[in-house]
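Visitor: I'd like a close look at a single part of this one, please. Walk me through it slowly.

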Amino acid sequence: MTSNVSFASDKEAADALHQKYKQLKDEIGKVVIGQEDTVHFVLSAIFSQGHALLQGVPGLAKTLLINTVAQALDLDFSRIQFTPDLMPSDILGAETMDQDRKFKFVKGPIFSNIILADEINRTPPKTQSALLEAMQEYKVTIANQEFQLEKPFFVLATQNPIEQEGTYPLPEAQLDRFMFNIILDYPSYMDEVSVVKSTTNDEKKTVERVMGADEILYFQHLIRRVPIADNVIEYAVKLVHKTRPNTEHADEVTNKYVDWGAGPRASQYLVIAAKCHAILSGKYTPDIEDIQAVAVSVLRHRVVRNFKAEAEGITIVDIINKLL
């Protein structure tokens with residue numbers, strides 16, 4: 001799909017995206033109460049043409065959130081519940097024989113614009129990799145035939161941080177495919193009061209369409225065109241280099257507490273995420289503050305702390321904040 005949306009200038013388009021973002025937040029806020037940071041990073045991932053990994057305990061409206069986002073963006077939505085017996089064909093689709101004894105390909109749930117991969121760590125690596133290949137290549141290969149996935153294509157995968165029995169944690173190389181790692185925390189007291197009030201009555205909230213696929217594709221290209229100063233790019237790259245122990249730019253805290261640092265994809269995602277954060281905030285170009293605003297969500301799943309850090313109770317977020 002190609003975009004047929006146009007604006008007189010990129011500045012006008014940036015203003016339009018900023019306004020659309022505020023409308024999106026208002027529409028999503030009708031159904032999803034609180035969780036402003038989560039909503040911001042989910043929308044940022046979509047506009048940045050990335051994917052997000054959401055970590056949170058059950059019952060925090062992860063499915064409701066992504067379903068509401070799909071409605072506001074007028075996109076197809078599929079939810080895949082990952083279980084230990086899930087097979088790649090359950091996600092991608094499979095060839096079946098029709099009434100004329102001819103083989104035909106029946107598409108799986110991956111052929112949607114927005115995918116909720118619920119509890120992705122409950123399925124074996126073989127099935128995990130089927131989804132992650134689609135995320136990277138935007139296509140599916142079945143019986144030597146390639147099937148292109150329709151864009152925009154966005155995966156929100158969830159992990160339950162509590163129950164680890166019977167799970168298959170994502171390897172670091174696969175975690176690296178996700179642009180953001182978003183931590184979904186419990187709602188505040190007042191937010192939870194509002195949630196209970198709104199979900200225990202008979203009123204049904206209607207989410208209005210704010211934009212469609214064509215506009216999303218246009219804004220994804222707009223984000224790439226956002227100008228950025230060399231010193232901001234250098235700050236992002238240096239920050240990533242600081243996470244790599246025993247290298248030229250390694251920080252003292254890194255050498256002490258980190259086993260593995262972030263790879264080059266982290267530098268790319270920091271810059272793209274900062275561009276998106278700037279536009280959504282009403283600015284036309286990102287600065288170092290925008291890099292800092294997205295740094296934790298971009299780096300959290302790419303830095304591996306060592307045993308000393310675990311023993312001393314030093315978290316990945318503590319390390320990143322010290323590097324900032």
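Which residues does Phe180 touch, not counting residues up to four places away in sequence?

Guide: First, a heads-up: this is a predicted model, where local features need pLDDT of at least 70, side-chain atom pairs count only at pLDDT 80 or more, and totals for chains, interfaces and linings use all residues. Residues are numbered from 1 along each chain as its sequence is written, and side-chain values use heavy atoms, leaving out hydrogens and water.

Okay, Phe180! Leaving out residues up to four places away in sequence, Phe180 touches Phe41, Ser44, Ala45, His51, Ala52, Leu53, Ala273, Ser297, Val298 and His301; contact means heavy atoms within 4.5 Å.

Now zoom out a bit. Phe180 is among the residues with the most contacts inside the largest nonpolar core, along with Val42, Phe47, Val69, Phe154 and Leu270, and that core has 76 residues. Helix 11 (residues 264-280) gives the largest share, 10 residues. Helices here are DSSP runs (H or I, at least four residues), numbered from the N terminus. At least three core residues come from each of domain 1 (10-215) and domain 2 (227-323), with bounds from an automatic or database domain assignment. A separate core of 28 residues includes Leu86, Leu92, Leu132 and Phe178.

What's a nonpolar core? It's a set of buried Ala, Val, Leu, Ile, Met, Phe, Trp, Tyr and Cys residues joined through side-chain atoms within 4.5 Å. Buried means under 20% relative accessible area, exposed over 50%, partly exposed in between (1.4 Å probe, protein chains only). In soluble globular proteins, nonpolar side chains tend to be buried together.

Key: Helices (H or I, at least four residues) and strands (E, at least two) are DSSP runs, numbered from the N terminus.
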